[in-house]
Amino acid sequence: SVLDGTLAVFVDRLVGLAVFVLAAGVGLISTGITQMESGFSPVLLWGAVAAAAALATFLLLPRARRALLARLQARAIPISTLCGIGALAVATLGFWILSVVFLAKALGIDVGLFALATSAPLVAVASFLPITIGGIGVRETGYALLLAGEGVSHSSAIALGMAQYGTFLVV
């Protein structure tokens, strides 16, 4: 039915966003730890820790999990479908990061995989916020701020953000 399809799309979007936010939290924590001495905001670091703790608590509490799964099963969405949605969300995140790695290599940005894998989800979540149209400027500033500690120039980071947005538009 239409309601089941709408719920499946909603769950798909929710799980996908949760995976990106969780990866962004991990990226923020790891980036914050490495950049703490360079003026990285401890408020952002502890915010990411709190968000990750809240998500972990929800995932680890069997009663809350059972209640959510019971509601989803009441709408006839099988657990295998939910697991498939989660796997696709993780794969999407992996391909997102891989595209950033390839774009960085194509632009001659010599930075480690860990730096790109932690900054790409952060930039993605920041560009999802309704601050600007399509995240224009947010993405570029995010890469400039997050990759500055890795020795990436401002102009190269902005080029990475613009190239990523360009490929997103083509896809």
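This is a predicted model: local features need pLDDT of at least 70, side-chain atom pairs count only at pLDDT 80 or more; totals for chains, interfaces and linings use all residues.
The overall picture is a simple one to start from. The secondary structure consists of seven helices and zero strands, and, read from the N terminus, the elements follow the order α-α-α-α-α-α-α. The protein has 171 residues, of which 32% are buried. Its exposed surface comes to about 10,100 Å², and carbon and sulfur atoms supply 75% of that area. Contacts across the sequence also deserve a look: among those between residues at least 6 apart, 60% join residues at least 24 apart.

Helix α4 covers residues 79–106 and helix α5 covers residues 113–128; the two pack at an angle of about 120°, and their axes lie 9 Å apart. The crossing of α4 past α5 is right-handed. On the α4 side, the contact involves L93, W96, I97, V100, V101 and A104, and these meet L113, L116, A117, A120, P121 and A124 of α5.

I97 is part of helix α4. Its relative accessibility is 15%, and because buried means under 20%, I97 counts as buried. Beyond its neighbours within four places in sequence, I97 touches A117, A120 and P121. For I97 and A117, the C-alpha atoms are 5.7 Å apart in space, while the two residues are 20 apart in sequence.

Helix α5 also packs against α6. The axes of α5 and α6 come within 9 Å of each other and cross at roughly 150°. Since angles over 145 degrees count as roughly antiparallel, α5 is roughly antiparallel to α6. This crossing, too, is described as right-handed. From α5, the contact draws on A115, L116, S119, A120, L122, V123, A126 and S127, while α6 contributes V138, R139, G142, Y143, L146 and L147. Here the residues divide into ten nonpolar, three polar and one charged.

Helix α6 itself is mostly covered, with eight of its ten residues buried. The buried residues of α6 are V138, R139, E140, G142, Y143, A144, L146 and L147.

Helix α6 (residues 138–147) packs on helix α7 (residues 154–170) at an angle of about 140°, with the axes 8 Å apart. The angle makes α6 oblique to α7, and the crossing of the two is right-handed. The residues involved comprise eight nonpolar, three polar and two charged.

I136 sits in the loop between α5 and α6. With a relative accessibility of 46%, I136 counts as partly exposed. Along the chain, I136 and Y165 are 29 residues apart, yet their C-alpha atoms are separated by 8.0 Å.

Key
Residues are numbered from 1 along each chain as its sequence is written. Side-chain values use heavy atoms; hydrogens and water are left out. Axes are lines fitted to C-alpha atoms, for helices over the stretch in contact, and angles run from 0 to 180 degrees between N-to-C directions. Helices (H or I, at least four residues) and strands (E, at least two) are DSSP runs, numbered from the N terminus. A crossing is left-handed if the near helix is turned anticlockwise from the far one by less than a right angle, and right-handed if clockwise. Contact means heavy atoms within 4.5 Å. Buried means under 20% relative accessible area, exposed over 50%, partly exposed in between (1.4 Å probe, protein chains only). Accessible areas come from the Shrake-Rupley method with a 1.4 Å probe; for residues, only the protein chains shown count as cover. Angles under 35 degrees count as roughly parallel, over 145 as roughly antiparallel, 65 to 115 as roughly perpendicular and the rest as oblique. Ala, Val, Leu, Ile, Met, Phe, Trp, Tyr, Cys and Pro count as nonpolar, Asp, Glu, Lys and Arg as charged, and the others, Gly among them, as polar.
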